[in-house]
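Please have the sequence and the coordinates at hand as you read.

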Amino acid sequence: MDFKLKKCVFVCAAGLLAAALPSCSNEDEESGGTISYGKLASEVPPVANAGIQFPVTGIYHGYSSGFGNSSLGQAYTYRDGRMTGGYERLNDEVIEITSNPLTVRISRKTSYVEEVEEYKNIKVNSDGFITSCECEYHEIDEDEDYMEHCTYTLAYDSEGHRILEKYHLTDVDGYWENGTTTYTWEDGNLIKTEWVWESIDDEDEEGVDWRYTEEMTYDEDETRYPNTGVWHFYDLGAVGNDSFYDAFLYAGLLGRSTKNIPLTFKENQYFDEDYYVYTTTGVNYNQDGSIESIHSIYDRTSSWGGNSTGASSHVYFRYGQEWDEDWTSFMSQRLTKSLDNGVRKPRKTLSPRKRLQERMAQRMANLK
Amino acid sequence: MKAIKILFLSACLLCGPAIARAQFIDEAKNALTKGDRSTWSGLRFSYDRSILKSTAEESELKQGFNGFTLAYVQSWSIANRLPLFVEAGGGLSFSRHSFDSSADGVTLKTSHNLLGLYVPANVVYKIAINDKIALKPYTGIYLRLGLLGKEKYEAGVEGNTSSDSYSVYGEDGCDWKRFQLGWQIGVTADYQRYNFGIGYGIDFNKLAPEARFGTFSLRAGLNF
């Protein structure tokens, strides 16, 4: 009896050990492969940390040459070399940056709906570049409070270039999306961005894999087209995926930009077999060395329709503009216009996949 | 919460039949008050699986730590007629979390190593099954004092890497809390001089900004 009892006890102990071993597996997989690491940021870093020589206050884009033919895409404000806020035209959004701890709040408010996304628990490396953060998005209208949550993990090389970005997004309806973007750099220049992601499709609820790539080439002459710290080369979409607002790039929160402006830029969506190929035709510089404008032509093959060859695109940069920091008033004027037109924009989202689709749709709308 | 519910149900399932049996055997003599009030002391070793979970709404962000605790415990009888005890002690606990990610030649490795003092104080009810086996459901609080805590990371591609290492306690931007107070529940079983058990504990206060610890433990020990 004693022997049997003893045997039973040791079998139980072995069972406990066996139960313990599987639990050693990586729990982080449950948050889509993302992780929180780095030091909690108290404020935005000086933009100079990211090699930005001239803080950009306005980015404009047009399909015809000449600043007068372009329209404002993004506007940013700074104080003591650090970004304090901004505005994005695409969704008429106000960007507010607060300190202690650092949070970035992006909001859009109309008579129909209030949308707020807040980046918090922002952790950074010694340069002040984001290593991880969380974001909550709320859409509040008369009927519901819709919510999405996203976690991000990023990594940088020794030169301060973003080389890895992972995200995990969920919403209150059970949708999820996991993505990984790798950035390949050579001699200080970004030569390839590869973004793969999987998600539950809205309709059939099956996992869907997507892929998006960007490839850049540069002049062999490293002194040609030096980059003083901009991220928009061809239109109002910055290079890289759409996980973060472009304001994060110009705030110096996502590492350094390329050493040079690319000569060519190819954007490819494998899933839709869409691609754009841009070729830089010229970069103009101001007297102080800052970039005044980047001009290009592009070929497009698109499943959205409207293939084109040799169309032109122009991006203009402005510095030192004294924007009225009363963004609420600024926005109010814009929203009045929007309401007068009877336009209710679709729900914004944290989903980079959906943002990419939105960007494509916006491009097509601009072209028509 | 799910783990707590499972543990509670497990404790009920384990304790229910045992109580019934004890009452059946020693009903007349009130066996629960006879011969079960002997105290114990001993060493306890536990495998700890801790989850540092974000407290943000709807967040699924969590980091799993593996670790162990080695502690000495002492018990005191606190009731004249019931086999009810207070068990307290102290020991060292170590836990580690590591994360490796590799995609297209880009790697990211992070790790957290925590070493701390662990001071539990539990109320234990001892249910003797027979002369050799006793069940001991318990609940109580614990104090954990962080002695050392280090976070490291390394990221890069083919030799072009960035890395850093720093204390999670006290450094600017790393204001993890050294003192953690928590609640725990579980059940152990004595077999002769040996002790085995399971337990779950959760911190009252946040360990890191926007994150709280919960720990599942498997225990083995020796009574003196």
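## Charged pairs, folds and patches

In this predicted model, A:Glu165 and A:Arg162 join their side chains in a salt bridge, with 2.6 Å from N to O. Both partners, A:Glu165 and A:Arg162, are buried. A search over all chains of the whole structure turns up 12 salt bridges, so there are others to visit, because the criterion is a side-chain nitrogen of Lys or Arg within 4 Å of a carboxyl oxygen of Asp or Glu.

Next, look at A:Glu194, which forms a salt bridge with A:Arg211; their closest N and O atoms are 2.2 Å apart. A:Glu194 sits in strand β12 (residues 189–200) of chain A and A:Arg211 in strand β13 (residues 207–217) of chain A, so this pair ties together parts that are 17 residues apart in sequence.

Moving to chain B, you will find the side chains of B:Lys136 and B:Asp190 meeting in a salt bridge at 2.4 Å from N to O. This pair links distant parts of the chain, with B:Lys136 in strand β6 of chain B and B:Asp190 in strand β8 of chain B, 54 residues apart. B:Lys136 counts as buried because its relative accessibility is 1%, and B:Asp190 is buried as well, with a relative accessible area of 8%. Back in chain A, salt bridges that share partners bring A:Lys192, A:Glu194 and A:Arg211 into one network.

One more lysine of chain A deserves a stop. A:Lys166 is placed in strand β10 (residues 162–171) of chain A. Its relative accessible area is 11%, so A:Lys166 is buried. Which residues does A:Lys166 touch, leaving aside those up to four places away in sequence? Among them are A:Gly33, A:Thr34, A:Tyr152 and A:Gly179, and B:Ser101 from chain B is included too.

Among the contacts in chain B with a separation of 6 or more, 61% are between residues 24 or more positions apart. The accessible surface of chain B comes to about 10,900 Å², and carbon and sulfur atoms hold 61% of that area.

Now for the surface itself. A nonpolar patch is made up of B:Val119, B:Ile141, B:Leu143, B:Phe179, B:Leu181 and B:Phe204, which together have about 530 Å² of accessible area. Two or more residues of this nonpolar patch come from each of β6 (133–157) and β8 (179–191) of chain B. B:Phe179 belongs to strand β8 of chain B, and B:Phe179 counts as exposed because its relative accessibility is 53%.

A patch of another kind ends the tour. Which residues form a negative surface patch? They are A:Asp145, B:Glu57, B:Glu58 and B:Glu60. B:Glu57 lies in the loop between β1 (41–54) and β2 (62–77) of chain B. With a relative accessibility of 46%, B:Glu57 counts as partly exposed.

Conventions: Residues numbered from 1 in each chain as written. Chains lettered and ligands numbered in written order. Predicted model: local features only at pLDDT ≥ 70, side-chain atom pairs only at ≥ 80, totals over all residues. Heavy atoms only, no water. Patch = residues over 30% accessible without salt bridge, like charges linked within 9 Å, V, L, I, M, F, W, Y side chains within 5 Å. Areas by Shrake-Rupley, 256 points an atom, 1.4 Å probe, with all protein chains shown as cover. Lys, Arg positive; Asp, Glu negative; His and termini not counted. Charge placed at Lys NZ, Arg CZ, Asp CG, Glu CD. Helix = DSSP H or I, 4+ residues; strand = E, 2+ residues; numbered from the N terminus. Buried < 20%, exposed > 50% of the residue type's maximum accessible area, 1.4 Å probe, protein only. Contact = heavy atoms within 4.5 Å.
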